[in-house]
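Notebook open, sequence and model side by side. I want to jot down what packs where.

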Amino acid sequence: MFKLKFQYRSKVLAALAVSLLYSSAAMAAEKRNVILIIGDGMDSHQITAARNYLVGAQKSLLLDNLPVAATVQVQAVDDLDPTKSVYVADSANSATTLATGVITSPGRIATSARDDKDIGTIAEQVKAAGFGVGIVSTASVTDATPASFISHISLRFCENPAMMKEAEALGGIIVDCSDDLKANGGLGSIAEQIADNDWDIVLGGGAKHFELVAEGQQKQTVLEQARANAYQIVSSGEDLENIMGDKVLGLFGPSTLPVRWQGTDGRTAEAPSPSILRRIDWRLGSVTLPDTMTCEANPQYGATPSLKVMTDAALLHLSQKQNRGFFLMIESASIDKQSHLRDPCGSIGELQQLEESLQSALLFAKSNPNTLIIVTADHGQAAQIVDETSPYSAFGVAVYTPGHIARIETPEGSIMGINYATNDFLMEEHTGTDVSLFANEVGSGMFGAHTSQAGIYQTIRHFLLHSQ
């Protein structure tokens, strides 16, 4: 397995270490911080697949060794009838519940089902109480998970001014957020809401959403609007080493940031190929399974700042500010996005980035004892670990998955089968499983064996606003 090179890390880490070394112990004891790390689509199969590949089935990931563990119920409701449950969530409604404690319908960003009311988020509540707020994501900062903490809109697709009225999304779906237009008394698109607000630091992708002209303007783009609102704009890893402004907006790519890993020659999971006889009768013929693959460096990743680099920059910036503490949400977004694309190597590399960010969070918490670290997911995803060759083939018939399978050669010399079979479309779907929660020792006694996403919100709110 190749060694990863983390660009720009040394200076940022050095500055963070100096900051922690000279921080007053009394000030650290007074402040309270929450670091919420969300692995988008990170259910138990995604964690297990990453563990098998990154460290081996007999060893543990960093998150495995956190002292607090629980399962989390993911909930959603029907938009027209909120008394009716929906059993599979999306990132918008599940992140909204983590951010607000309110269960809403898929597609909504911090707004209620049916009546479309804005719901106050934990980021807004703690900011008003004198805490710092940071958002870090490997997706666009306007994407569903980060947006749910720092904006309000009826549909997640309304990320920029051009997507607000009768716009086309996802190859034909017509999107309309007319009620959210500023001209109609709304807050504007997600990008405009970020630019108009006063968040301490927001880092991720999504530059294309800020390059469009803002609503009601003839020439000023959303990015220029953010700059006029005193945001320091950064666009590279080197820029993160020279943060000078009070408010920082970092945009490191046009949309979701490139992932670190890909399958051999860019391969993803593939459908098995049955013989003609097998197509005629399941008891006849044979099947050819996809060739095995390994995980290799994604050439598109290049100089992309890693999630750890962005996390280190956010921790340094937030810890230097004079406030009561901070709330920092960190999202490893492409565990989910690569699973949609049936790309297990992309998901594994992204979960590795989550591990590295968790390491930074734990280092920070070691010197700042009132720091609660929570690692969880927003929903389940399609990837499923299966036998790379069906054991039922021992019966002498060709047995194979009706979906797509990747047969990955792991560093420990075995082959791991990752199966995708939620549909026969171009993209896989979410699943309705429970997800995991992990926390550091500060979270001891805060969670039962089984909790809910609304319960996570309540715990964070109580820790920051009712424990001092």
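This is a predicted model: local features need pLDDT of at least 70, side-chain atom pairs count only at pLDDT 80 or more; totals for chains, interfaces and linings use all residues.

I started with what the buried residues of α4 (residues 91-100) pack against: β1, β3 (76-77), α5 (122-128), α6 (144-150), β16 and α15 (453-465). Contact here is heavy atoms within 4.5 Å. Helices (H or I, at least four residues) and strands (E, at least two) are DSSP runs, numbered from the N terminus. Residues are numbered from 1 along each chain as its sequence is written, and side-chain values use heavy atoms, with hydrogens and water left out.

How many residues of α4 are buried? I get ten of the ten, so the helix is largely enclosed by the rest of the structure. Buried is under 20% relative accessible area, exposed over 50%, partly exposed in between (1.4 Å probe, protein chains only).

Next I checked the ends of α4. At its start, a side-chain oxygen of D90 comes to within 3.2 Å of the backbone nitrogen of A92. Just after the helix, G101 has a positive phi of about 80°.

Then I moved to β16 (residues 371-377), where seven of the seven residues are buried. Both faces are covered: T371, I373, V375 and A377 lie on one side, and L372, I374 and T376 on the other. In a regular strand the side chains alternate between the two faces of the sheet.

G39 has A377 as its bridge partner, while T376 stands opposite L437 in β20.

H379 sits in the loop between β16 and β17 (384-386). Is H379 buried or exposed? It counts as buried because its relative accessibility is 0%. Its side chain makes polar contacts with the side chains of D378 (3.5 Å) and H430 (3.4 Å). A polar contact is a pair of N or O atoms within 3.5 Å; within protein, one must be able to donate a hydrogen and the other to accept it, and residues adjacent in sequence count only if both atoms are side-chain atoms. Leaving out residues up to four places away in sequence, H379 touches, among others, D40, D43, D90, S91 and D336.

I looked at the three-stranded sheet next. It is open and antiparallel, in the order β17-β19-β18. β17 and β18 (404-409) are at the edges with a single partner strand each, so one side of each has no neighbour in the sheet. The twist averages 35° from one strand to the next. Six bridges join β18 to β19 (residues 415-420), with R407 opposite G417.

Last, the helices on that sheet. α3 (residues 44-54) lies across β17, β18 and β19 at about 55° to β17, and α14 (residues 344-367) touches β18 and β19, making about 55° with β18. Axes are lines fitted to C-alpha atoms, for helices over the stretch in contact, and angles run from 0 to 180 degrees between N-to-C directions.

How do α3 and α14 pack, and at what angle? I noted about 85°, with axes 9 Å apart. The two are therefore roughly perpendicular, a label for 65 to 115 degrees (under 35 is roughly parallel, over 145 roughly antiparallel, the rest oblique).

Technical notes. Two strands pair if DSSP finds at least two bridges between them.
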